[in-house]
Amino acid sequence: MHIANKVYLSRQGVEYHVSKLLQRLRVPNRPALIAKVYSMGILSVGTWPPEVCRERLD
């Protein structure tokens, strides 16, 4: 899994964190998770790959 390698986690570690995000943001799946974080302004629109908006996390 490419994401796991980039963030130095095992595949299971990535799955754990994704499942926790799904629970905390109360969304049913990954597409809904992405839509939610875009609507919250956590990911910036118009860039690829998406970048985290640091000021929204403070």
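E15 and R30 form a salt bridge, and their closest N and O atoms are 2.9 Å apart. The term stands for a side-chain nitrogen of Lys or Arg within 4 Å of a carboxyl oxygen of Asp or Glu. This pair links distant parts of the chain, with E15 in helix α2, R30 in helix α3, and 15 residues apart. A search of the whole structure finds one salt bridge. Side chains of opposite charge can pair when their charged atoms come close.

How exposed are the two partners? E15 is partly exposed because its relative accessible area is 33%, and R30 also counts as partly exposed, at 36% relative accessibility. Here, buried means under 20% relative accessible area, exposed means over 50%, and partly exposed lies in between (1.4 Å probe, protein chains only).

## About the model

What you see is a predicted model, where local features need pLDDT of at least 70 and side-chain atom pairs count only at pLDDT 80 or more, while totals for chains, interfaces and linings use all residues. Residues are numbered from 1 along each chain as its sequence is written, and side-chain values use heavy atoms, leaving out hydrogens and water.

The predictor's confidence in each residue, pLDDT, runs from 0 to 100. Its mean for the protein chain is 85, and 90% of the residues reach 70 or more. Among the elements, α3 has the highest mean pLDDT (94) and α4 the lowest (66).

## The overall fold

Helices (H or I, at least four residues) and strands (E, at least two) are DSSP runs, numbered from the N terminus.

Of the chain's 58 residues, 24% count as buried. Among contacts (heavy atoms within 4.5 Å) between residues at least 6 apart in sequence, 0% join residues at least 24 apart.

## Two loop residues

Between α2 (11–24) and α3 lies a loop that holds R26. The phi angle of R26 is near 55 degrees, a positive value in a residue other than glycine. R26 is exposed because its relative accessible area is 77%.

S44 sits in another place, the loop between α3 (30–39) and α4 (54–57). Is S44 buried or exposed? It counts as buried, because its relative accessibility is 17%. Not counting residues up to four places away in sequence, S44 touches Y38, E51 and C53.
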